[in-house]
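Please keep the sequence and the model in view while working through them.

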Amino acid sequence: MTETLIAGLYREGEPVADTKAPAGDIASKWTTRQFDAALVNPANRRKLSVIIVGTGLAGASAGATLGEAGYQVKSFCYQDSPRRAHSIAAQGGINAAKNYKGDGDSTHRLFYDTVKGGDYRSRETNVYRLAEVSADIIDQCVAQGVPFAREYGGLLDNRSFGGVQVSRTFYARGQTGQQLLIGAYQALERQIAAGTVEMFARHEMLELVVVDGKARGIIARDMVTGEIETHMADAVVLASGGYGNVFYLSTNAMGCNVTASWRAHRKGAYFGNPCYTQIHPTCIPQAGEHQSKLTLMSESLRNDGRIWVPKKEEDCDKNPQEIPEEDRDYYLERIYPGFGNLVPRDIASRQAKNMCDEGRGVGPAVDGVRRGVYLDFADAISRLGEDAVRNKYGNLFDMYERITGENPYAVPMRIYPAVHYTMGGLWVDYDLESTIPGLFVTGEANFSDHGANRLGASALMQGLADGYFVLPNTIRDYLAKGPFTPVAEDDPAVVEAQQEVQARVERLMSVNGTRSVDSYHKALGKIMWEKCGMERSEEGLREAIEEIRALRHDFWSNVRVLGDPMGLNQSLEKAGRVADFFELGELMCVDALHRRESCGGHFRAESQTEDGEALRHDDEYAYVAAWEWGGDDEAPILHKEDLVYEHIELKQRSYK
């Protein structure tokens, strides 16, 4: 490890590498790994236990599959039902290389599009496996009864999403996440009824228990009674989602948080690419200062909607229907004629910001700036008819009208980018195992598949691929090393974890300051959005780090947590999550500062082409940044995993 601080902020440690992916041709690696992984016979599975934290697509599918295989599974979620996991909010669709449209799709093309879409910062082996199993996901979900849209003849329908030139996205109107989650949920409930899965709803993981260097359990708080509980197992799976709520305003449910992952990070799990955040271009703009959440409008709308702003700033106040065609700037079609309105999310988002920064944004001003562009369906309604548009997007249009009071069939929607998904997460190898043996991480909680920018309709694909097909085949290689020595609740490592949780709760309750938890969260979010959002600079990131440190110090001196720790206490829940967001936010800024390149949705002002496009530096930054916790008030340690591209040529992205 480097003894001296680099840039005054971090140290550099030894490189890290994925040692689990087999050698040989990339198309045979997954088949080889499945065969090489040790087996566990059915009688022994009944003696092995697994804890799964999270019940979204990744967690519910993993719980159902492992339970059906015969393992003893404990499943945890902080919601009152697994069916309320945030996966339910996904709208537009799920990718799969089925080539139903006969338009040239294939496993390799999905692999290529995903690596290119991630701006060449993904690991080839993991992404190829994802593309390989994608077709199986659709078969699995159809067998469960997921009501995918179908063509007139009864075949499953597809549509396009940003960053690709084929139709590979399967969908259920604008409710795809909900329908897929119901499928996984009913499979999970079947195993609960069968007795292989024990469900713990309204429980929040607050600490990971590591015994002799291996993950062996969690400490959780019963959110109804306030009781601190200890749960032990032979392995732990985190499927707890992403951390976009560090920005306060995001498309995530307000309960989404980083605590499960962050507690594991503090216990030794490396955190990969924390600064990689996806900004979604198609969200309802912020309406005012007192808003606590933003609403996603599915990217599928970009199939038929045309995005534009007025050419002249003085037209921004006008009714859009009064602006003639020649005075409209369909800027994505103008700048990127090859992909038009279906450019990847990061490019569409950045150009929307550029239009608004030029003073050509539309809608009400927030903080003196109009942050909105038009998404116009007039052409589609004229071409297809209102009924056809209603059949494709009706529930999305209804949602927009309920929120804004505007009829999108009559006037263009207004949209603006918002924080949506996080590509960073706990570092995992090919087996989805973290740097802590026995701790596996699935779905959005890991870093592995999407590089610096996630293509649309890939999150649902990864969550179900990990849960149904990947984890059940890789975790058995670890569990085959059992039986594992039982860990007593009075084991020193368990007692220490229990005491850490109790001390943290008591500390939060005892500050008794004057400022609300939400006010701190909002202040942190503003720093993150302005200085570690769509555009970053060295000066801004250094300022952000200092501001976050000062805000965190004030939080621990002046926060007021209401209520009592024993019993239902949402103020306490929020306080613990925001405390972790402070530490994560600082690491995100350090990670963004060290990566002096524009990559995916992460535009460094110091690194751009002559025409203002993102400029990558493969000679310096073609690696995964895997961060190790350095200790309280100590610098984090950077471990680099070199990204080697053998099947895809590294080149600057172009969608023109």
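1. A definition comes first: helices (H or I, at least four residues) and strands (E, at least two) are DSSP runs, numbered from the N terminus. In these terms, R221 belongs to strand 8, which covers residues 214-222. The model under discussion is a predicted one.

2. Is R221 buried or exposed? Its relative accessibility is 5%, and the residue therefore counts as buried, since the term applies under 20% relative accessible area. A polar atom of the R221 side chain lies 2.8 Å from the backbone oxygen of P565. Neighbours within four places in sequence aside, the residues in contact with R221 include R202, H203, E204 and L206, as well as P565, G567, N569, L572 and E573. From R221 to E207 the C-alpha to C-alpha distance is 9.7 Å, and the two residues are 14 apart in sequence.

3. The partner of strand 8 deserves attention next. Strand 7 and strand 8 run antiparallel and are joined by eight bridges. Within this pairing, E207 has I219 of strand 8 as its bridge partner. The two strands form a hairpin with two residues between them, and D212 in the turn has a positive phi of about 55 degrees. Strand 7 spans residues 203-211, and eight of its nine residues are buried, so the strand is largely enclosed by the rest of the structure.

4. An open sheet with parallel pairing contains five strands in the order 6-3-2-10-20. Which strands stand at its edges? They are strand 6 (197-200) and strand 20 (439-441); each has a single partner strand, so one side of each is left without a neighbour in the sheet. On average, neighbouring strands of this sheet are turned by 20 degrees against each other, direction ignored. Strand 3 (residues 72-76) pairs with strand 6 in the parallel sense over four bridges, and S75 stands opposite M199 in strand 6. Helix 6 packs on the sheet, where it touches strand 3 and strand 6, and its direction makes about 110 degrees with that of strand 6.

5. Helix 12 (residues 459-479) lies across strand 2 (49-53), strand 10 (235-238) and strand 20. Helix 12 runs at about 155 degrees to strand 10.

6. Two packed helices are described by the angle between their axes and the distance between the axes. For helix 3 (residues 57-69) and helix 6 (residues 176-194), the angle is about 35 degrees and the axes are 8 Å apart. The crossing of helix 3 past helix 6 is left-handed. On the side of helix 3, the contact is made by L57, A60, S61, G63, A64, G67 and E68; helix 6 contributes L180, L181, A184, A187, L188, R190 and Q191. Sorted by class, this contact has eight nonpolar, four polar and two charged residues.

7. A second open sheet to examine has five strands in the order 12-18-17-13-14, with antiparallel pairing. Strand 12 (277-283) and strand 14 (328-329) are at the edges with a single partner strand each, so one side of each is left without a neighbour in the sheet. Five bridges join strand 12 to strand 18 in an antiparallel arrangement, with T277 opposite T422 in strand 18. Strand 17 (residues 373-376) also pairs with strand 18 (residues 413-422) in the antiparallel sense, over three bridges. In that pairing V373 has I415 as its bridge partner.

8. Which polar partners does its side chain reach? The H639 side chain reaches the backbone oxygen of E14 at 2.6 Å, and a polar contact of 2.7 Å joins it to the side chain of E628. Outside four places in sequence, H639 is in contact with G13, E14, V16, Y270, V624, A625, A626 and E628.

Notes: Residues numbered from 1 in each chain as written. Predicted model: local features only at pLDDT ≥ 70, side-chain atom pairs only at ≥ 80, totals over all residues. Heavy atoms only, no water. Pairing = 2+ DSSP bridges. Axes fitted to C-alpha atoms, helices over the stretch in contact; angles between N-to-C directions. Left-handed = near helix turned anticlockwise from the far one by under 90°. Contact = heavy atoms within 4.5 Å. Nonpolar A, V, L, I, M, F, W, Y, C, P; charged D, E, K, R; others polar. Polar contact = N/O pair within 3.5 Å; in protein donor to acceptor, adjacent residues only side chain to side chain. Buried < 20%, exposed > 50% of the residue type's maximum accessible area, 1.4 Å probe, protein only.
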